[in-house]
Amino acid sequence: MSKYFCFYKFLFLILLFSCNTSRKNDLKIVVPPESSENRTVSSLVREVQFRPLTGDPRLVPFEADRIDFSDELMILGDFSLSQSVYVFNKESGKALEIPLKKGEGPQEVRAVNDFWLDGDMLYVLDGIGRKIVSISYSSGTFQQLEHIKLEIPFRRFAKTKTGFVGLTGGGQENALAFVDETGKLISAHLPNSIEFLLSPPNPFHKLVDGNEVQVLFNSSFNPEIIRVDNGVIESFSGIEYEGELVKKPKNTDFVKDQAGFKLFQESLVSQPSLFTIFESTPEQFIFLYFIQNTPRLAFSSNGKGSTFKIENLKNDLSFDNQPFPKVIGVDGSRFAALVSTDQLNRDDPAFAGSALEKAILANPDALVFVLEFELNVE
């Protein structure tokens, strides 16, 4: 299996953007011009840190789709393989056990499909069980609270000021729904067309602006970013490519299966498409998109940056056979990714003496690291 096949699977998981850049450009995300340079990933980053994760192996993930941070905790969610959520002490990286078990019982979950961290509250989505599990944290102690039964099924979700918002599942007529704090439906929006067949791992994103927390939503094929934390649909941002805003697909009347999805993708081949948001930092973004079925990564810091074709990038940072580390969240001003030592390309000549090798040698008991970095593209 070629690295490009593996990466095309990975491409369905990645895209970052910075909404600070959007605000500076009248609510537009501006894709930087393309460069033909060949670049190493290490030349595009700074402030690199590797945090070792340690503890009982059953409490440590080897894959993750999302990470979030509080002052004391690191929370990671694997929604694909283990379908579980993992908690660590932020300072020590030591795994912590939380009162959440898999099973069919009334206090158990059948699967973990998403999580949301809101202050000292951790909300865990059990999409199969159609419920949200609330877990409080105080003074080193976790407590599971009463489950919230959902009136409408969710694939992914986020906390709002009025309750929760979710990307729906189960053949619902609308793709986006708001529920109150008891799980009762408030309103539903966005006709559930072919553009929602592919569910990005993290369609809801937390943007911290001073003391204000905004929640943004995007789908993979809609270049419009909307705000949802106030419990209503609010226009937030568009994407500008070569001086023009990318237009929303006009034709989404395709059968919602793989054949229809392929036809839908072919109809977008002449414009930037496949938008999947990762996370945001206050000043930077990394933006993935396709042009004529060819992937590109756009790097921007404080409004300056470049776009590169995937084949022009060499990953000498996480050495995990991906052109760029799989970023799954942010910690303040830094992007965060997960690095599993059993997935490394140790034969890469650049691995010897690298920051990652030094971190592994200094922490021989850690099989997983959280990689954090800022961009260096100004």
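## Strand 9 and its neighbours

Strand 8 and strand 9 pair in the antiparallel sense through five bridges, where pairing requires that DSSP finds at least two bridges between two strands, and strands (E, at least two residues), like helices (H or I, at least four), are DSSP runs numbered from the N terminus. The structure is a predicted model, in which local features need pLDDT of at least 70 and side-chain atom pairs count only at pLDDT 80 or more, whereas totals for chains, interfaces and linings use all residues. Residues are numbered from 1 along each chain as its sequence is written, and side-chain values use heavy atoms, with hydrogens and water left out.

Across the pairing of strand 8 with strand 9, Leu-117 has Leu-122 as its bridge partner, and the hairpin that these strands make has two residues between them, with Gly-119 taking a positive phi near 65 degrees. Strand 9 is also joined by six bridges to strand 10 (residues 131-138), again in an antiparallel arrangement, and here Leu-122 stands opposite Ile-135. The hairpin of strand 9 and strand 10 has four residues between the strands, and Arg-130 in the turn has a positive phi of about 55 degrees.

## Burial of strand 9

Six of the six residues of strand 9 (residues 121-126) are buried, so this strand is largely enclosed by the rest of the structure; buried means under 20% relative accessible area, exposed means over 50%, and partly exposed lies in between, with a 1.4 Å probe and protein chains only. Met-121, Tyr-123 and Leu-125 point one way from the strand, while Leu-122, Val-124 and Asp-126 point the other way, and all of them are buried.

## Salt bridges

Side chains of opposite charge can pair when their charged atoms come close. With a salt bridge taken as a side-chain nitrogen of Lys or Arg within 4 Å of a carboxyl oxygen of Asp or Glu, the count comes to 19 salt bridges. In one of them, Arg-296 pairs with Glu-34, with the closest N and O atoms 2.7 Å apart. This pair links distant parts of the chain, since Arg-296 is in strand 23 (residues 294-301) and Glu-34 is in the loop between strand 1 (28-30) and strand 2 (39-40), 262 residues apart. Arg-296 is buried at 10% relative accessible area, whereas Glu-34 is partly exposed at 41%.

Arg-58 and Glu-97 form another salt bridge, with their closest N and O atoms 3.3 Å apart. Arg-58 lies in the loop between strand 3 (45-53) and strand 4 (66-69), and Glu-97 in the loop between strand 7 (95-96) and strand 8 (114-118), so the pair ties together parts that are 39 residues apart in sequence; both residues are exposed. Arg-110 and Glu-104 meet at 3.7 Å, N to O, with Arg-110 partly exposed at 43% and Glu-104 exposed at 67%. A network of salt bridges links Arg-51, Lys-90, Asp-331, Arg-334 and Glu-372.

## The largest pocket

The largest pocket holds about 680 Å³ of space. On a 1 Å grid over the protein atoms alone, a pocket is an open set of points with protein on both sides within 12 Å along at least five of seven lines, and lining residues have an atom within 4 Å of a point. The lining comprises 29 residues, of which Asp-68, Phe-69, Lys-206, Val-208 and Val-213 lie nearest the centre of the pocket. Strand 4, strand 8, strand 17 (204-209), strand 18 (212-217) and strand 26 (327-331) are the elements that give two or more residues to this lining.

Note on methods
On a 1 Å grid over the protein atoms alone, a cavity is a set of points where a 1.4 Å probe fits but cannot get out, and a pocket is an open set with protein on both sides within 12 Å along at least five of seven lines; lining residues have an atom within 4 Å of a point. Grid points are joined across faces, edges and corners, and a volume is the space filled by probe spheres set on the points.
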